[in-house]
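Me: Please pick one part of this structure and take a close look at it for me. I would like a connected account that moves from that part out to the rest of the chain.

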Amino acid sequence: MKKKSNFFYNPTTLQFEKKETPVYQKLYNALGYISVSLVCGVIIFFFFGSYFESIKTKYYKQRFNQLDGKYNQLGDLAVQLKKEMSVLEKRDNDIYRAIFQAKNIEDSLRAVDEHSITKYDHAIYGASVKELYEDVETSLYQLKNRIKFQLKSYAMIDELVKNKENLIRATPAIQPIANKDLNRIASGFGYRIDPVYKTEKFHEGLDFTAPAGTAIYATADGVIEKMEFNGGYGNHVIINHGFGYKTLYGHLFKYEVHVGKKIKRGEVVGYVGNTGKSTGPHCHYEVIKDGVKINPIYYFFNDLSAQQFQQITTIANQRNQSLD
């Protein structure tokens, strides 16, 4: 290939002279080189860039799908755990606490508010990875607190179970007088005719007639709290059973206990008499719960069948004259 010369023969001067390239030509040539370089660079950039970008995109899409699956699994798990916790909490309130007469736990105490699981699709609408992480973290944190609270509740129920036997022993459950034939109840709970003043007055217990000297039994386990005489009950005994229960036995002829003595259900407290405001030998019996006198008829479930309970209820509800 013939090499291009930078000199030319000038016929006027009859000499070889160096070629002078005009400035505009130099600029034109430089711009040409630059343009060609830019075009080549752009072509190379887009070619290699698109190739490597496709690899990155493929990797990120694969990673996104993996995270999407794991996130949805966590979301579904959290939702399922919430449902199971709701069932446990409902059973806790409606069954376990109802059995042991314990106060229900309010939902506001178990969890502040429900935090719904946000679907991973929300990332398309602007939710950042941090927000999605915090969303799952918040839900799991609330579940952790609810589980912790429920465990405390079950620990309390466990204590109630342990105390249930004591509660049963402390609950009045038998009649204070042997009354197999159900014919010893002379007057029931409620308004009755006063035997002395002959006016209607509220009778706060049951009157059991029996010959003087008939044994009177403690109707539940407890401790003798009081033994004294007054004009109304005469010689009487009050037993503190705990759990808010107390029982009173009035008009005794003789005591068989002393203050502070621990007593079991069925043990003899004393004997039927006619002391105090009484018109005949009998035992006036009262059940007191949390300071309120209630109808003792509902506390004979240990020694009465359903038929006998119906029978004794009919007898006790007769609006007759009381014996005290």
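This is a predicted model: local features need pLDDT of at least 70, side-chain atom pairs count only at pLDDT 80 or more; totals for chains, interfaces and linings use all residues.

The part I would pick is strand β14, which covers residues 282–289. Is this strand enclosed or open to the outside? Buried here means under 20% relative accessible area. Seven of the eight residues of β14 are buried, so the strand is largely enclosed by the rest of the structure. For the chain as a whole, buried residues make up 32% of the 324 residues.

Now to the partners of β14. Strand β10, residues 245–250, runs antiparallel to β14 and is joined to it by six bridges. If you want a place to start in the viewer, find Y249, which stands opposite Y285 in β14. Strand β6, residues 206–209, also pairs with β14 in the antiparallel sense, over four bridges. Here F208 is the residue to look for, standing opposite C283.

β14 and β15 form a hairpin with two residues between the strands.

Is N295 buried or exposed? Its relative accessible area is 14%, so N295 is buried. Leaving aside neighbours within four places in sequence, N295 is in contact with F189 and L206. L206 brings us back to β6, whose residues are 206–209 and which pairs with β14.

Stepping back, the chain has four helices and 15 strands. Among contacts between residues at least 6 apart in sequence, 66% join residues at least 24 apart. Another group of strands is worth a look: β7, β13 and β11 form an open sheet in the order β7-β13-β11, with antiparallel pairing. Its edge strands are β7 (215–217) and β11 (252–255), each pairing on one side only. Neighbouring strands of this sheet are turned by 35 degrees against each other on average, with direction ignored. Three bridges join β7 to β13, residues 268–272, and V268 in β13 is the bridge partner of Y217.

Finally, the surface. The accessible surface of the chain comes to about 21,100 Å², and 60% of it belongs to carbon and sulfur atoms. L74, L77, L81 and L140 form a nonpolar patch there, with about 300 Å² of accessible area together. Helix α1, residues 23–99, gives the most to this patch, with three residues. L81 sits in this helix and is partly exposed, at a relative accessible area of 31%.

Definitions and conventions
Residues are numbered from 1 along each chain as its sequence is written. Side-chain values use heavy atoms; hydrogens and water are left out. Buried means under 20% relative accessible area, exposed over 50%, partly exposed in between (1.4 Å probe, protein chains only). Contact means heavy atoms within 4.5 Å. Accessible areas come from the Shrake-Rupley method with a 1.4 Å probe; for residues, only the protein chains shown count as cover. Patches are made of residues with over 30% relative accessible area and no salt bridge: like charges are joined within 9 Å, nonpolar side chains (Val, Leu, Ile, Met, Phe, Trp, Tyr) within 5 Å. A salt bridge is a side-chain nitrogen of Lys or Arg within 4 Å of a carboxyl oxygen of Asp or Glu. Two strands pair if DSSP finds at least two bridges between them. Axes are lines fitted to C-alpha atoms, for helices over the stretch in contact, and angles run from 0 to 180 degrees between N-to-C directions.
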